[in-house]
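This briefing concerns the structure shown below. Please keep the sequence and the coordinates in view while reading.

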Amino acid sequence: MPQSLRTAALSLLDRRDWFYLLWLLVPLAAYTLLLRLLGLRLQGEAGGFFGTLGLLRSDFLFLGGYALLSVGLLAIFRRGWGRRAALVVLHASAVLVVVISTSAYQYLRSTGATLDYSVVAYYLTSFGEATGAISSEAPLYMWLILAEAALYAAFGPWVFTRAFLGPRREVGGEAPLRGVSRRRFIVAGVGAGAGVLLLRGSLLPEAARGQGTSVSRSPVSNLIATRIEESRMDAAAESVRVTNTLRGIRLEPTFRTRRRHVALIHLESTRERSVTPYNRDIATMPLLAGLARDNSLLVEWAYTTTPHTSKAITSVNTGLYPHPDTEIVEALPGAIPVPGIAALLAEQGYRTAWFQSATKEFEDRALLVENFGYGHFQAYEDMRTEGFQRSNYLGYEDDIMLEPSRRWLEENASSPTLVMYLGVTPHHEYRPVDRYGRRRFSGEEMLDRYLNNVRYDDFWVRNIIRQYRELGLYEETIFVIYGDHGEAFGEHGLKGHDPIPYEEVLRVPLIIHDPQGFDGGARIEGPVQLIDFPPTIVDMLGFRVTGGEYIGRSLLRPPEERTLLFSCRPDVTAMASIRGYEKYIYHYGKRPEEFYDLSRDPTEQNNLAPRVGRRELRRRREELLEWRARTAAIFEEHQRPA
C-alpha cells in the first residue's frame, strides 16, 4: 500500500480496526454473494459471466454502501460508549443481513419466488401460525448454516482479531486517538454519505433493472423496495373514495323461493387439472366424475380470486373480491363490509354451520367465520381426533368432520340449513393419509403425495353426500363442490400457491350437484369466478336481492362478457386479468409483463406481450391498479368512523 494511502486510511481507522472490519465484511460479502449465485442458479438466471454480474449489480451496490457506512461509523465513534453502541449496531445489522439473505434463499428454494416485505411482515406478525410451514420446508442443515453464519457475524471478528492481534492495548510510539478531528469527521461523513447513495442505488428503480427479473435486487434491498412499493399502493387506496352498494343488501322471498338445504364442500388446494371430471387421464376423483354426469352443472373454466384460503373463502361467502393486503384484514372484528350469504340466509330462517378439519387458530378463522355470519363453528380442536391421521401442520384428514356434522344436522335439519365443509387434506405438506389406500400417480414424490390426498377427498365428498342421504336430506340439498385455489409443482419454476398467477393455481374445479336439477348433467364454459357463488345460491333458492347488487353473476343466467381480476399473496407480488381467453399478468415491474391466449396456449408457455403493443399493456395494467385501489377502499371505507 502506498504510504499516502496508508496514512489516509490510518487517519480514519487504526490497523486493528481495519483488521476487525475485514474479518466482518469479507466473510459477510462472500456468504451473501454465494447464496445469491445459488439462487440465480435455481431460477435458471445464472447465464453468462456478464449477465450474472448484471444481476448482482444490486448486491455489489448494497455491500459497497454497507462497507462505507461501517467504516464511517467506526471512524466517528472511536472511544467510550459511542464506540460500544456503534459496534452493537454494526454486529446487529450484520446478523440481520445474514438472516435475511439465508431466509431469502430458503424461500426461493421452497417456492421459486423472491422474499418480499409483505411475506416477512406476515411471518413476523403471525409467527405462531407460520411455524408449521417454516419447519416443514426448512431442512435441518439450513438451520445449522443460519446459526453458524449468525454466530460468526455476532462474534467472529472479535474472536479472530483477538486471536491474531491480542487484546487491545496502546503500542509504544502510537498515541491513542482522542476525539474526532474535523478533517476525519468530514472524510468519514462524506464516505458514509456515499454509502447511503450506494444503498439507495441498490434498490434499482424500475428503469434501471436491466433484465427486469424478480431476482435482480439483493435480499435486503428487495425488502426495502417492496415496502416502498406497498406504501405507494396503500396511499393510492386511501385516496380512493367508493360507495359500497352492497352494505344494505337483503333477500326477499318470491313465488320461486324454495327453502332447500345448501352444502358448500371446499376442496382445499385442488386444481382443475388434477381431478378426473376435468382430466380423464388422471383417476384421482372418479366418484366426483360420476357425480358430475348426474344432475350436476360442471363449469369448465372456473377461477379463484386470490390463491389463498382465507382470501378465497371471502369471495365464496360475500361475493366480494378480498382485500389485496397480505394481512387477513377480513378476520379483523367487523371487517367484512357486506352481509355474508350465511347472515342473509339466517334472516330467512336458515340454520348455519361451519365445520373444518383445520385448526381454529390459523389466521383467526373463528372470527373470520363469525364475520361471515355463521351461527355454529367447529374446528378439529372440538372434535374427536382418535383414529384420524394428521394430514399436514394445519389439521387432520377431512373425514374427522363427518361425526360432528351428522350430530348438528340431526338437531337442526328441521329448518333449512347452510353448511360449509372446509377440508384441508390436500394442503401442503401433503402427508400420506392411508384410510383409502395409496396409488401411484407420479414419479415426483411431492406431486404423488398431493394427488393421493386429492384422491382421498373423492371419498370424503362421497361420505358427505351419503350422510345427507342417510338423514333423508339429499333430495332437498344443493351441493356446491369447489376448489379454493390450485397448487404449483414447478410448471413455471414456482411451487405452492400464494404468489402464483398462473393457471395451475388460479383455475379450480366447480361442480354444482342438484338432485332436482340439471337432468342428465350440464356444462357451461365460463369463465366463472368465486365471486359468483352468492348470487348463484340466491338464484337457485329463488330469493330476490334488494338493497344492492352483487358484482358477480348467477351461473343460471345467460353468460356476459366481463373481465375477471386476480391478486396474489403476498401483496405487491402479481396481479392478473382475463377477458375472454386473453390473460394479462402484471408483476409490479419485478418481472416482464405477460400476455397469453389461453384458447391456444392453456399452459401459458408463449408470452405474447412483446407483440401486443404498449398501449394495450398499459391499459390492462392501469385497469388492475385501479381495481386494486378500489377493492382496498371498499374495506377501508367500512372501517373508517362515520
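Predicted model: local features only at pLDDT ≥ 70, side-chain atom pairs only at ≥ 80, totals over all residues.

Residues are numbered from 1 along each chain as its sequence is written, and side-chain values use heavy atoms, with hydrogens and water left out.

**Salt bridges**

- The structure holds 33 salt bridges, a salt bridge being a side-chain nitrogen of Lys or Arg within 4 Å of a carboxyl oxygen of Asp or Glu.
- One of them pairs D514 with R260, with 2.7 Å between the closest N and O atoms. This pair links distant parts of the chain, 254 residues apart: D514 is in the loop between β14 (510-513) and β15 (522-524), and R260 is in the loop between β1 and β2 (261-267). Helices (H or I, at least four residues) and strands (E, at least two) are DSSP runs, numbered from the N terminus.
- Both D514 and R260 are buried; buried means under 20% relative accessible area, exposed over 50% and partly exposed in between (1.4 Å probe, protein chains only).
- R406 and E470 form a salt bridge at 2.3 Å, N to O. The two residues are 64 residues apart, R406 in helix α15 (residues 402-412) and E470 in helix α16 (residues 445-470). R406 is partly exposed, with a relative accessible area of 26%.
- D498 and R569 form a salt bridge, their closest N and O atoms being 3.3 Å apart. Both D498 and R569 are buried.

**Surface charge**

- A patch of negative charge on the surface gathers E361, D364, E381 and D382. Patches are made of residues with over 30% relative accessible area and no salt bridge, like charges being joined within 9 Å and nonpolar side chains (Val, Leu, Ile, Met, Phe, Trp, Tyr) within 5 Å.
- E361 lies in the loop between β5 (351-356) and α14 (365-372) and is exposed, with a relative accessible area of 52%.

**A buried strand residue**

- L251, in strand β1 (residues 250-252), is buried, with a relative accessible area of 5%.
- The C-alpha atoms of L251 and L345 are separated by 7.7 Å, although these residues are 94 residues apart along the chain.

**Helix α2**

- Helix α2 (residues 15-43) has 29 residues and should span 42 Å at 1.5 Å a residue, which agrees with the 42 Å between its end C-alpha atoms. The expected span is 1.5 Å times one less than the number of residues.
- G44 follows α2 and has a positive phi, near 75°.

Note on methods
Areas by Shrake-Rupley, 256 points an atom, 1.4 Å probe, with all protein chains shown as cover. Lys, Arg positive; Asp, Glu negative; His and termini not counted. Charge placed at Lys NZ, Arg CZ, Asp CG, Glu CD.
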